[in-house]
Every structure is written in structure tokens, then in C-alpha cells.
Protein chains: 2
Amino acid sequence: MVIRPLASSDRADLHDALVRCGAFSDEEEVVALEVLDDGLKGGLEGDYPHLVADVDGVVQGYVTVGKTPMTRSTWHLYWICVHPRAQGLGVGRALQAAAEAFVVARGGERLVLETGGRPDYARTRRFYADAGYVEVGRVVDFYRPGDDCVYFCKAFCAVPG
Amino acid sequence: MVIRPLASSDRADLHDALVRCGAFSDEEEVVALEVLDDGLKGGLEGDYPHLVADVDGVVQGYVTVGKTPMTRSTWHLYWICVHPRAQGLGVGRALQAAAEAFVVARGGERLVLETGGRPDYARTRRFYADAGYVEVGRVVDFYRPGDDCVYFCKAFCAVPG
């Protein structure tokens, strides 16, 4: 598996992964595609750097991060998407680790992410908890009734005051 | 006091209020002005509706809200800014109440906001707590060392599942 920057030839494969992974609503897919196109334009130095996972020449997923405006060194992890045909191979874990290395290399000191509180997102929440992300907040019914927003954060080093 | 939609003739007065209120960093001022210009273009039906407080013909502050993408009925309150010469007159309270009425009239069921955890923001946090906002999360050192992000939420009605 190789984790590399997004290329324009990845767009169709990543669109397919977005649709098939089943984690995103129609509106979320539209937003994700807009952000993907922004990532293609801006590259790794733009507002929404993307990294993709290439397994034996086939693109199987991607991660999107971004520096959080109006903060000194906080970044957001917007989403990790893995094609269902590749789940269980450690693609999500590799993307998460690569995103963290990318952020730390740019002076980032923490990653914040928001994910759903629904029962069918339990595996996603456990994925982040296992990687050292700590639940730091929750807005009840944020996305829709019964679907909270859960805030997670992972800090990368102690920051001297 | 009249709370009314933003007009293009308000821009200079609101820029002055932003600079003088002392609550915003240079970067925050730049972002706030960009959002103000977006509010001028989009009006009350755009992504960033603005309401201004007009006290005896003088614009003394404003509030910015926005529907939260990918949610059914959640809105964000981005900021309330009051010119220092008008503080203590209830301008902030009137803007907050008007923003809530605006959101509720459009089917909004909760407002989420993020504010700073610094000691000099204690008055701001108390302002929101007194208005019924509940602290629902916190990211330590989010803005910079010693300046947490504090998430508040106010729900407007029970949502049937």
C-alpha cells in the first residue's frame, strides 16, 4: 500500500468509494466531492489536502484534512473514506496515520474531528478511540433526531504555555 | 433599538465595531469581513444571514448565523459583535434573541456556537450561559496554548424521534 497525494485521475475511483462505502448521505457526498475538487486545485498546500491509499495500483480510499482557520496549530480531519471492497486491510488505519504525520510535519499540534453518534457509527468511533482520539464533546440530535455530533481530539505533543 | 437585516451602507460601521470591540484577532477580523461581504451578497436567504442593531439611527452591532451543512435543523451562531460605545445597553442580548427567533422561524431546532476559553472571555461565556446555552464540549489549547475552544448549544424544542 502506498499513501500518496491526490491526482486528478483518482476522482472517479474516489467518487465510487464515497458512494459505495455507505457512510455518507447524498448531501454529504455532494460536499465531499466539492471538497475533493478543491483538493485537486489546491494540492497539499491548499485548504483541503487529500491523501489517497493506492493498493497494488488501485485507489481504495482517501483522507481529507485542513488547517483550522483562526487557530495557531489546530487541524481538522474531515473524513476518511475506504472502498468496501478494501475494508479490513488496514487502509483506514494507514490513511489516519499518514494524515497525522502530514499534520505534524506542518507544525500541527492537534487534530479535531466530528463524527456521528448513531449506533451504526460505533465502529467508526471505536476506530478513532483506538487511535488515541478522545471524545471531548457532544451535541445531541445535531445531524438529525437520534444522531448526535461527537467531537474527538488527538493532541500530538505538549505545548509550552 | 431596531434589529434589521444587514444593508451595504452598514459595512463601514460594522468594520469599525469589529476593530474596536477588541474581541477579535487580525485574522478573525479578516474572516469576519469576508463573511460580512458574503452576507451582503446572499441576504437573509444566503449561507450567512446577518442582523444588525440600529440604536437611534446608529448601527451598534451585529450577529451572524448560518444553517449547518449536512444537518437537518442545526444552525451555528458565528459571532455577536457590539461596538464598545454601546455596551451595557442590551444590544448583544437583543441580537442574540433576534438570531434565535430568526432561526426558529426557519425550522431551526438548535444553535451551536464556539467561543474562547480564555479568562478574558469569561463575560462572553456567562452571556451565553445566562441565555440558556449549555457547554457541551471543549478542546484544550484549540486556538493557541491556554485558549480552549468551548462548544455551547441551545435547543429550542423537543424533537420527536
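Begin by selecting B:Gly66 together with the residues that it touches beyond four places away in sequence, which are B:Asp47, B:Tyr48, B:Trp75, B:His76 and B:Tyr78. This is a predicted model, and B:Gly66 is placed by it in strand 3 of chain B. B:Gly66 counts as partly exposed, because 19 C-beta neighbours lie inside 10 Å and a residue needs 20 or more to be called buried.

Is B:Val59 buried or exposed? B:Val59 is buried, since 22 other C-beta atoms lie within 10 Å. Apart from neighbours within four places in sequence, the contacts of B:Val59 are with B:Asp10, B:Asp13, B:Leu14, B:Val52 and B:Asp54. The C-alpha atom of B:Val59 is also separated by 9.9 Å from that of B:Ala12, a residue 47 places away along the chain.

The next two selections concern the backbone. Most residues other than glycine have a negative phi. Select B:Met70, which is not a glycine and yet has a positive phi of about 70 degrees. B:Met70 sits in the loop between strand 3 (58-67) and strand 4 (74-82) of chain B, and B:Met70 is partly exposed, with 18 other C-beta atoms within 10 Å. Then select B:Asp141, another residue other than glycine with a positive phi, here near 60 degrees. B:Asp141 lies in strand 6 (residues 134-144) of chain B and counts as buried, with 22 C-beta neighbours inside 10 Å.

Now show helix 1 (residues 11-20) and helix 2 (residues 26-42) of chain B, and look at how their axes pass. Two packed helices are described by the angle between their axes and the distance between the axes. In chain B the axes of helix 1 and helix 2 come within 11 Å and cross at roughly 155 degrees, which makes helix 1 of chain B roughly antiparallel to helix 2 of chain B, since angles over 145 degrees count as such. The crossing of helix 1 of chain B past helix 2 of chain B is right-handed. To see the contact, select B:Arg11, B:Leu14, B:His15, B:Leu18 and B:Val19 on helix 1 of chain B, and B:Glu29, B:Ala32, B:Leu33, B:Leu36 and B:Leu40 on helix 2 of chain B. Coloured by class, the residues of this contact divide into 7 nonpolar, 1 polar and 2 charged.

Turn to chain A and show helix 1 and helix 2 there. The axes of helix 1 and helix 2 of chain A come within 11 Å and cross at roughly 155 degrees, which makes helix 1 of chain A roughly antiparallel to helix 2 of chain A. The crossing of these two helices of chain A is right-handed. Here A:Arg11, A:Leu14, A:His15, A:Leu18 and A:Val19 of helix 1 of chain A meet A:Glu29, A:Ala32, A:Leu33 and A:Leu36 of helix 2 of chain A, and the residues of the contact divide into 6 nonpolar, 1 polar and 2 charged.

Keep helix 1 (residues 11-21) of chain A on display and select A:Leu14, A:Ala17 and A:Leu18, which are buried. These residues cover an arc of only 100 degrees around the axis, which puts them on the same side of helix 1 of chain A. What covers the buried residues of this helix includes helix 2 (26-42), strand 2 (50-55), strand 3 (58-67) and strand 4 (74-82) of chain A. Just after helix 1 of chain A, select A:Gly22, which takes a positive phi of about 80 degrees.

Finish by showing both chains, where 25 residues of chain A are in contact with 24 residues of chain B. Which elements of chain A give two or more residues to the side that touches chain B? They are helix 2, strand 6 (134-144) and strand 7 (147-155) of chain A, and the largest share, 8 residues, comes from strand 6 of chain A. By class, this side of chain A has 13 nonpolar, 6 polar and 6 charged residues.

Terms used: Residues numbered from 1 in each chain as written. Chains lettered and ligands numbered in written order. Predicted model: local features only at pLDDT ≥ 70, side-chain atom pairs only at ≥ 80, totals over all residues. Buried ≥ 20, exposed ≤ 12 C-beta atoms within 10 Å, placed from the backbone. Helix = DSSP H or I, 4+ residues; strand = E, 2+ residues; numbered from the N terminus. Arc of directions from axis to C-beta. Contact = placed C-beta atoms within 7 Å. Nonpolar A, V, L, I, M, F, W, Y, C, P; charged D, E, K, R; others polar. Axes fitted to C-alpha atoms, helices over the stretch in contact; angles between N-to-C directions. Parallel < 35°, antiparallel > 145°, perpendicular 65-115°, else oblique. Left-handed = near helix turned anticlockwise from the far one by under 90°.
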